[in-house]
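Trainee: I'd like to go through the labels on this one and hear what backs each of them. Let's get the entry up.

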Amino acid sequence: MKQISFQTNLDSPLGIQLIKETLASLGITRFSVDFISHSLEVFSEWIAPERIAEALKKLDIHCQLLAVK
């Protein structure tokens with residue numbers, strides 16, 4: 001399983017359900033958000049980081065790829 005890390009503009013848990021639903025539509029069921037450091041970590045086998053960033057951009061969440069492990 002790959003761990004994909006992003007820097008985001010998330011600073012509040014408001015809208016977390018919408019983020020969960022958006023990631024689920026991409027087949028992602030495991031993720032974590034740190035609102036203090038504005039980071040998002042997604043765990044997936046096959047999804048391209050660009051697809052995640054593109055989907056979240058539609059929610060006005062900007063993601064900058066930090067790492068893929």
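Predicted model: local features only at pLDDT ≥ 70, side-chain atom pairs only at ≥ 80, totals over all residues.

Trainee: Why does aspartate 60 count as exposed?

Mentor: The relative accessibility of aspartate 60 is 55%. Exposed means over 50% relative accessible area, buried means under 20%, and partly exposed is in between (1.4 Å probe, protein chains only). Residues are numbered from 1 along each chain as its sequence is written, and side-chain values use heavy atoms, leaving out hydrogens and water.

Trainee: What makes the phi of aspartate 60 worth a remark?

Mentor: Aspartate 60 isn't a glycine, yet its phi is positive, about 65°. Most residues other than glycine have a negative phi. As for its place, aspartate 60 is in the loop between helix 2 (49-57) and strand 4 (63-68). Helices (H or I, at least four residues) and strands (E, at least two) are DSSP runs, numbered from the N terminus.

Trainee: Why is histidine 38 called partly exposed?

Mentor: Its relative accessible area is 26%, so histidine 38 falls in the middle class. Histidine 38 has a positive phi too, near 60°, and its place is in the loop between strand 2 (30-34) and strand 3 (39-44).

Trainee: And what makes threonine 8 buried?

Mentor: Threonine 8 has 8% relative accessibility, so it counts as buried. Threonine 8 is in strand 1, and it touches residues including His38, Ile61 and Cys63, not counting residues up to four places away in sequence. Touching here is contact, meaning heavy atoms within 4.5 Å.

Trainee: How do you know that the buried residues of helix 1 line one face?

Mentor: Start with who they are: in helix 1 (residues 16-25), Ile19, Thr22 and Leu23 are buried. Seen down the axis, these residues fall within an arc of 95°, so they line one face of helix 1. The arc is that of the directions from the helix axis to the C-beta atoms. What do they pack against? Strand 2 and helix 2.

Trainee: What joins the side chains of glutamine 3 and glutamate 41?

Mentor: A polar contact of 2.9 Å. That term means a pair of N or O atoms within 3.5 Å; within protein, one must be able to donate a hydrogen and the other to accept it, and residues adjacent in sequence count only if both atoms are side-chain atoms. The 2.9 Å pair sits inside that limit. Glutamine 3 itself is in strand 1 (residues 2-8).

Trainee: How do you know that the whole protein is as compact as a globular protein of its length?

Mentor: First the layout: two helices and four strands, in the pattern β-α-β-β-α-β along the sequence. The radius of gyration is 11 Å, close to the 11 Å that the globule rule gives for 69 residues, so the protein is as compact as a globular protein of that length. The radius is taken over C-alpha atoms, and the rule is 2.2 Å times the number of residues to the power 0.38. Also, buried residues make up 33% of the 69 residues.
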